Amino acid sequence: MRKYLILIGLFFCVIINAQNPLFIPPSLTGTTFNLNIQNGVTQFYPSINTPTYGINGPLLGPTLIVNKGDIVTMNVTNSLTGNGNATTMHWHGMHVPAMDDGGPHQLILQNTTWSPSFEIKNDAATFWYHPHGAGKTDLHVSKGLAGMIIVKDAAEAALTLPRTYGIDDFPIIVQTKSFDVLNQIAISTQYDTVVMVNGTIAPFLNAPAQVVRLRLLNGSSGRTFMFGFSNNMNFQLIANDGGLLDTALTLNRILLSNGERAEILVDLSALLNSSVLLMNYGTEIPLGIMGADSVGNATYQILDYYNNPLNGSDYKVMNIVVGAQTSNPVTTIPTSLVPFTPWSLASATINRNFVLDTLTEGFTMPQPAEGPFGINRKFFAMDSINEVVYLNDIETWTIINSTLVAHPFHVHDVQFYLVDINGAPVPNYEHGKKDVVLVMPGDTVRFITKFEDFADDSVPYMYHCHILHHEDDGMMGSFLVLDTNGTSVREYISNALVSVYPNPSDDIWNVNGKSDTKIVNAVLYNAFGEVVVELPIEQHLNSFSIKINNQNLSKGFYILKIDGTENIVTVKLIKN
Ligand code: C2O
Ligand code: CU
Ligand code: CU
């Protein structure tokens with residue numbers, strides 16, 4: 001079977017062997033970005049029309065170039081046609097308020113515009129934007145919705161680095177896609193046999209014979225790459241997900257999982273009038289990672305995995321054709337870049353464990369290589385909150401992979417630093433700020449982060465596996481960042497202080513308050529504003545208490561409204 005498919009693959013190679021100039025997405029600068037999500041048609045193959053989605057164009061989106069400190073407005077219009085085609089737009093890696101983050105809770109209905117406005121707080125680095133709608137992320141990203149974001153700042157500007165977009169600084173969005181027999185983009189298959197960069201199949205890039213910067217982004221739905229060059233030359237890693245490293249790191253290969261970015265410098269000065277290939281060295285991808293020769297074990301295998309000729313093989317990603325230098329070429333590579341200081345382990349006040357595991361849903365038999373996967377024995381649910389963290393807390397998160405496949409774990413809101421992998425030190429290339437970490441089967445990975453700036457007591461952020469069909473199938477959770485310390489939510493009523501403990505809770509909320517006026521009544525409402533129950537109040541001289549048994553309530557938000565004689569207070573309660 002595998003040989004048969006390789007033959008088909010070769011047939012396609014012949015058709016597309018003609019190399020295509022690499023598409024460089026147009027760039028947009030400024031502080032107001034109008035992003036129109038639209039239908040389009042793309043000819044991946046000569047004279048074959050494939051329906052696609054794009055932002056301001058038929059496929060992919062413009063590169064947004066922004067400056068740290070700017071306040072930007074994103075006017076995101078959903079012009080998609082088709083039934084029920086609501087979407088979302090998430091700013092992957094960026095530190096923005098939860099309501100502006102573009103997770104599943106910020107649905108953009110068709111023919112409407114969502115306009116979040118936020119300050120660029122991230123350091124100079126490469127980020128990206130893509131839809132994050134409940135259950136539709138893979139479809140919308142695979143159809144073409146993704147774009148790059150480049151953040152600039154003063155520390156980066158002070159270094160001698162290539163930074164002229166499209167001239168010596170290139171967006172390299174690497175994706176594989178599946179096409180069905182009618183050349184329609186298909187999802188959730190193991191047949192993502194077509195490799196493309198910036199939407200171009202078999203691309204070539206004209207680059208000058210000097211130091212160039214490649215901003216590698218793995219925008220694939222599920223495949224990890226092991227990048228290197230066909231002449232085996234070294235390159236310098238200068239930045240990973242969230243910012244520049246302190247020193248340029250000389251590498252020969254770099255493993256990049258879904259959603260991860262790596263900025264690399266490549267010295268092409270010796271290659272004038274020749275060319276070199278950016279390669280994927282699939283034979284070197286550790287087993288267990290999607291893209292490796294095998295995933296799972298003798299008993300548990302992914303159906304069809306071995307029929308995809310890309311798995312475990314070395315192949316060309318892009319041809320780099322080297323021409324004349326530009327007028328002001330960068331010819332040396334700075335060794336020291338921008339220092340970073342990870343938080344100390346001693347400053348972390350809490351550790352949370354996230355176990356990646358297989359879960360049964362309905363009649364689906366879970367399979368430790370194929371899923372469905374959950375996190376901490378739960379699937380994602382729109383109306384529930386999995387974790388509550390407190391503003392300005394430093395935490396360690398420990399990701400434990402008890403499945404047979406590697407999962408790229410991503411968290412919104414923050415950048416983190418890896419602490420250790422199975423208790424051992426982290427490889428150099430994974431130092432620095434990150435927002436995705438690939439967790440190998442059986443591994444335990446710990447990172448440290450701080451939840452700064454943005455608290456919201458009703459809109460959560462997400463954490464999830466960045467293999468898009470795992471995410472769509474529920475391998476995702478949500479967390480709130482609350483701006484009170486300790487374990488209760490406090491709000492004032494009259495001269496009283498109301499506290500709820502525990503909150504979130506899955507058995508009881510103990511509400512205690514001090515009040516020198518009488519409490520008239522207390523009513524619990526659901527998220528739709530419907531009355532759930534009127535609650536008995538224990539009234540004391542200067543205080544009151546209310547006990548709410550929530551065992552029979554479904555997961556989600558509730559609002560407790562307490563009527564004092566002088567004013568009313570509402571407290572948000574979370575059932576998990
Ligand atoms: Cu790139 Cu939550 O996503
Ligand atoms: Cu994200
Ligand atoms: Cu996964």
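Predicted model: local features only at pLDDT ≥ 70, side-chain atom pairs only at ≥ 80, totals over all residues.
The structure contains 20 salt bridges. I will go through three of them, and then a network.

Start with K433 and D123. Their side chains form a salt bridge, at 3.1 Å from N to O. D123, with a relative accessible area of 23%, is partly exposed.

Next, R223 and D192. This salt bridge has an N to O distance of 2.9 Å. R223 lies in the loop between β17 and β18 (225-229), and D192 in the loop between β13 (185-186) and β14 (194-197), so the bridge ties together parts that are 31 residues apart in sequence. R223 is buried, at a relative accessible area of 3%. D192 is buried too, at 13% relative accessibility.

Third, D169 and R213. Their side chains meet in a salt bridge at 4.0 Å, N to O. Here the partners are in strands: D169 in β12 (residues 169-179) and R213 in β17 (residues 211-218), 44 residues apart. D169 is buried at 1% relative accessibility, and R213 is buried with a relative accessible area of 2%.

That brings me to the network. Which residues are joined into one network by salt bridges that share partners? They are E156, R163, D169, R213, R215 and E263.

Terms used
Residues numbered from 1 in each chain as written. Chains lettered and ligands numbered in written order. Heavy atoms only, no water. Buried < 20%, exposed > 50% of the residue type's maximum accessible area, 1.4 Å probe, protein only. Helix = DSSP H or I, 4+ residues; strand = E, 2+ residues; numbered from the N terminus.
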